[in-house]
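Subject: Structure handover

Hello,

Please find the structure below, followed by notes on what was found in it.

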Protein chains: 2
Amino acid sequence: MGSATEPVTARSSALGSRALLPPEQSGVTDKRLLRGARTRKIVLRQAVDVASLEGLGSISFGHLALATGLSKAGIQTLFKTKEILQVSAVEFARELFIDAVIRPARSAPHGVARLRALLDHWTVYAETPLFAGGCFRAANLADFDSHPGPVRDALLNDQREWHGVIAAELGHAVENGEIAELDVELAVFQIDALLCAANTALQAGDTGAVGKARRIIDGLLVAPRS
Amino acid sequence: MGSATEPVTARSSALGSRALLPPEQSGVTDKRLLRGARTRKIVLRQAVDVASLEGLGSISFGHLALATGLSKAGIQTLFKTKEILQVSAVEFARELFIDAVIRPARSAPHGVARLRALLDHWTVYAETPLFAGGCFRAANLADFDSHPGPVRDALLNDQREWHGVIAAELGHAVENGEIAELDVELAVFQIDALLCAANTALQAGDTGAVGKARRIIDGLLVAPRS
C-alpha cells in the first residue's frame, strides 16, 4: 500500500510524477519521453558496437545518425556532448554485461560454483560477442587508459565493479574451504588479465585462447591440500 | 676482405650499390636518401607516440604534418598509403622495443636469469614509457584485433616474436633444471596477459600493477620441488 500504488493526482503529477511512474502511465509528454528512451537505446546499441570495434574515441553524432537513420540533431539533443555520449555508452555496455554475465550466474551458489558460472557466461559473452568487437571493457580500457576524464572514470568504475564481483566469490570460496587461502587482490588481477588477453586473442582469430585462460584460472580454483 | 670492403665502381653503383652500401658513401642522390631516412624516422617516431595514445587508426598524414612541421605531401611521398604508414609504425615500434627490452637482456645467461632481465627491462619500458601512451603492442592489439589485414598481421607477428623470446627462455629454464616442467605455451600466454594488464592499469594510474604482475610471474619461476 505504499506510494507506488497511490492514484495519480494532478498534484503528484505536477510535483514530478514522471520520475516516479513508468512513462507509459502519464500521457502525451511521456509518449515523447518513451520515444526518447527508445531512440536513446537504438543510438547507444550502435555506439557500443562501434566503440567495441573502433574504440570510444571514434564514435560521433554524424556517424551514429548515418548508421541508425536517425537525425543528427535529434541525437545531439539527447546526448548534448560527445563525452556524455561516450559515458552513456559505457553505462549501456555495463548493463548489457550485467545481463549477459553477472545476472545469469546468480542462480549458482556463492564460491567456486558461482565463479565457474561467471566464467562460463563470460566465455559465451566472448565467443558469441554481444558487441561487434568483442569485450567492450577490454577493447576500450586499453584505449582510454592514458586519457584522464569522465570516460576513463566510467570504464574504471565498471572494471572495479567486475573485480569486486570476482573478489567476493573468491572470498566465499576461501571461507567455504573450497580453495586454499590466497591473495585475493592478486588473483583478481590475474583472472581479469587472462580474460582480457583471451578476448584480444579470440578477436584476432585464436580460438584456443579462451580455453588457455580457463585452464590457468581452473588451476587457481583447486581444493586446499589437506 | 668480403664484398663490403671492395671499392665502389661505376658498375657496382649502376647495379644498385645503394642497397649494398650505407647511404653516406654514395654522393648526392644518397644525401637525399639520408634526408628521406631522417624524415621517415621523425614521422614514425611521432606516429608511434600518437598510436600508443590514440590507436593506430587515428594517425593521418595531415596530423603528422602538423605535429612534425614537415609537409603533408612529403610525408605522403614517403609512405604512399595510410596502411603502409601504419605497418611502418608497427615495425618502428618493434625496433624500439627490441632496443629497450630484448637487446639489453642478452647479457644475462639463458634461462631464469634472462627471463628476469627481460622482465626488468620491460618494467622500465612500461614505467618510463618509450611511447606517450605506454606499451605500443598492448594498446594497439586490443584495438586492431577485430580488423584483419596487414596492420593486424604486423602486430600479431610482433606479438608472436615476443612470445617466442619468452618461450625460448622458459625452455632453457626447464632444461637447466631451474624451474619445474611446465606447459610453455600456457605460461607464455599467462606472462604476456599479465604484462598487458599491468601496462593498461599503469597507464590508468595504478602504480602497483606492475608489481602485481611481477609477483605472479615470479611464482612461475620457482625451483622444482626436489
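Before the rest, some conventions. This is a predicted model, in which local features need pLDDT of at least 70 and side-chain atom pairs count only at pLDDT 80 or more, while totals for chains, interfaces and linings use all residues. Residues are numbered from 1 along each chain as its sequence is written, chains are lettered from A and ligands numbered from 1 in the order in which they are written, and side-chain values use heavy atoms, with hydrogens and water left out.

The chain

Chain A has eleven helices and zero strands. Helices (H or I, at least four residues) and strands (E, at least two) are DSSP runs, numbered from the N terminus. Of the 226 residues of chain A, 44% count as buried; buried means under 20% relative accessible area, exposed over 50%, and partly exposed in between (1.4 Å probe, protein chains only). Among the contacts in chain A (heavy atoms within 4.5 Å) between residues at least 6 apart in sequence, 65% join residues at least 24 apart.

Helix α8(A) is mostly covered, with nine of its nine residues buried. Among them are F136(A), R137(A), L141(A) and F144(A).

How the two chains meet

A rotation of 180° with 0.0 Å of shift along its axis superposes chain A on chain B, with an RMSD of 0.0 Å. That is the relation of a two-fold axis. The superposition is by least squares on the C-alpha atoms of residues with pLDDT of at least 70 in both copies. Within chain A, the residue that comes closest to the rotation axis is A193(A), with its C-alpha at 2.7 Å.

The contact takes 32 residues from chain A and 32 residues from chain B. Because 100% of the interface residues of chain A are also interface residues in chain B, the copies meet through the same surface. About 2,800 Å² is buried between the chains, and carbon and sulfur atoms give 60% of that area. Buried area is the accessible area (1.4 Å probe) that two parts lose on being put together, summed over both.

Four salt bridges run between chain A and chain B, a salt bridge being a side-chain nitrogen of Lys or Arg within 4 Å of a carboxyl oxygen of Asp or Glu. E185(A) forms a salt bridge with K212(B), the closest N and O atoms being 3.2 Å apart. On the side of chain A that touches chain B, α3 (27–54), α8 (136–144), α9 (150–175), α10 (184–203) and α11 (209–220) each supply at least two residues. Helix α10(A) gives the most, with eleven residues. By type, that side of chain A divides into 16 nonpolar, seven polar and nine charged residues. Ala, Val, Leu, Ile, Met, Phe, Trp, Tyr, Cys and Pro count as nonpolar, Asp, Glu, Lys and Arg as charged, and the others, Gly among them, as polar.

Q203(A) lies in helix α10 of chain A. The side chain of Q203(A) makes a polar contact with the side chain of S146(B), at 3.1 Å, and Q203(A) is buried at a relative accessible area of 14%.

Salt bridges within the chains

Over all chains, the structure holds 22 salt bridges. One of them joins E161(A) and R94(A), with the closest N and O atoms 2.6 Å apart. This pair links distant parts of the chain, 67 residues apart: E161(A) is in helix α9 and R94(A) in helix α6 (residues 82–105) of chain A. E161(A) is partly exposed, with a relative accessible area of 36%.

R214(A) forms a salt bridge with D120(A), the closest N and O atoms being 3.0 Å apart. Here the partners are 94 residues apart, with R214(A) in helix α11 and D120(A) in helix α7 (residues 112–127) of chain A. R214(A) is buried at 17% relative accessible area, whereas D120(A) is partly exposed at 41%.

Regards

Terms used
A polar contact is a pair of N or O atoms within 3.5 Å; within protein, one must be able to donate a hydrogen and the other to accept it, and residues adjacent in sequence count only if both atoms are side-chain atoms.
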